[in-house]
Amino acid sequence: MRSNGSGADSSATAPHLGGKGRLAVVVWLVLCAICGSTWLAIKLGLRDLPPLTFAGIRFALAAILLGIIVWRPRGPVVRLSSEDWWVLAYTGFLSITVNYALVFWGEQYISSGLAALLSATVPLFGLPLAHWYLDAEPLTWRKVAGALLGLVGVGIVFSGELGIGGPRALWASIGIIVAALATAHAGVLVKHRATHIDPSVLAGVQMAGGCIPLLLLGTALEGNPLTYHWTGLAVACLAYLTIVGSVIAFMLYYWLIRHTPVTGVLMIPLVTPLIAVLFGVVFGGETIGWHTAFGGTAILAGVGMAVLSRRS
C-alpha cells in the first residue's frame, strides 16, 4: 500500500513547478544547465584522474563546503531523528556512492553525451517508485507507455554500443542505467520521508557519508591520490564539479524536491542530455552515431510522454 506523500500540488508539471511560480521555473532552468555541463567536466577530468577517487574527493570537498554553510554560530541546532539518519545514510549510499561510482567509471568508455542520455532514464524508474510511495503521484497508462518507449530507446543505444564500442562500452552503459535506478529510488525516498530536512543539511550529510566508500575503494584500487597527475585541467574540473556541480546543484535540487512534485524534478534529465550532447560536441570533440541519436530521441520522447501532462 502506498503511503501519503508531500503536500505538493500534484497537478503541477515540470515547466510549471508548483506554487513557487517563477522562482521555481528559474531554479529548474539553472539546474538543467548545471547538470548538462557536469558530464563534460567529468569526462575531461578522467583524462588525468581515476574514477572512484575523483568522485570521492569531489563529494568530500563538497560536504565540507556544505558543512560550513549549515554551521552558524549561535544559530539553531540541527536535530535529526534516528529515522532521519537512516534515510540520509541509505539515500546517500544510493545517490552518491552507487550512482557516481558507476557514472565516473562508465564515462571512461563512452561519451559524455551518451552517458547523459542513459542517465535520462531516471524518471522511467522514478515513476513506478513514486506510484508506490506517494499517493499524489499515481502511475497512469500514459506514464507506462512513455516508460516502454524509453526502454525501447535504451535497447537501441545498447545495440549500437555492443556493435561499435564493444563489451566495455556496453557494460559502461548498463552501469549508468543502474546508477539511474539508484538515483530515482533515492529521490523518491527523499520526497517521501525527508522533505522536512533543510536541503543543505540533507545534501551535506549524504555527500559526507557517500564519499567515504568511494575514497576507501579508490585508495585501495587506484593508489595514493598524492601520486596522481594533477594537471591544471584536472584541478579545474574538480573545482567546478565540487562547487557548481555539487554544492549549488544539490541545494537547488533538494529545494525543488521540497516544493514541487517529484515527477517534475525527475523531468530534469529530459533537458540535461540535450545540453550535455551540445557541450560534448562543441567542447569535447565528441560525435553522435545514429544508434545514439535514434535511441536517445526515443528515450527523451518516452520520458516526456511519461512526465508531462496532456495539458502541458
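Tutor: Rings of Phe, Tyr and Trp (its six-membered ring) are paired if their centres lie within 6.5 Å; planes under 30 degrees apart are stacked, over 60 edge-to-face, and the rest tilted. By this rule there are seven aromatic pairs, and ring pairs link Phe 54, Phe 59, Tyr 100 and Phe 104 into a cluster. The model is predicted: local features need pLDDT of at least 70, side-chain atom pairs count only at pLDDT 80 or more, and totals for chains, interfaces and linings use all residues. Residues are numbered from 1 along each chain as its sequence is written, and side-chain values use heavy atoms, with hydrogens and water left out.

Student: Why is the pair of Phe 59 and Tyr 100 called tilted?

Tutor: The ring centres are 4.7 Å apart and the planes meet at 55 degrees, so the pair is tilted. It links distant parts of the chain, with Phe 59 in helix α2 (residues 51-70) and Tyr 100 in helix α3, 41 residues apart. Helices here are DSSP runs (H or I, at least four residues), numbered from the N terminus.

Student: What makes Phe 59 count as buried?

Tutor: Buried means under 20% relative accessible area, exposed over 50%, and partly exposed in between (1.4 Å probe, protein chains only). Phe 59 has 0% relative accessibility and therefore counts as buried; Tyr 100, at 14%, is also buried.

Student: Why is the pair of Trp 86 and Tyr 90 called stacked?

Tutor: Their centres are 5.4 Å apart, with 20 degrees between the planes, and planes under 30 degrees apart count as stacked. Both lie in helix α3, four residues apart, and are therefore separated by about one helical turn. Tyr 90 is partly exposed, because its relative accessible area is 29%.

Student: How do you know that Glu 83 forms a salt bridge with Arg 193?

Tutor: A salt bridge is a side-chain nitrogen of Lys or Arg within 4 Å of a carboxyl oxygen of Asp or Glu. In this pair the closest N and O atoms are 2.5 Å apart. Glu 83 lies in helix α3 and Arg 193 in helix α7, so the bridge ties together parts 110 residues apart in sequence. A search of the whole structure finds one salt bridge.

Definitions and conventions
Helices (H or I, at least four residues) and strands (E, at least two) are DSSP runs, numbered from the N terminus.
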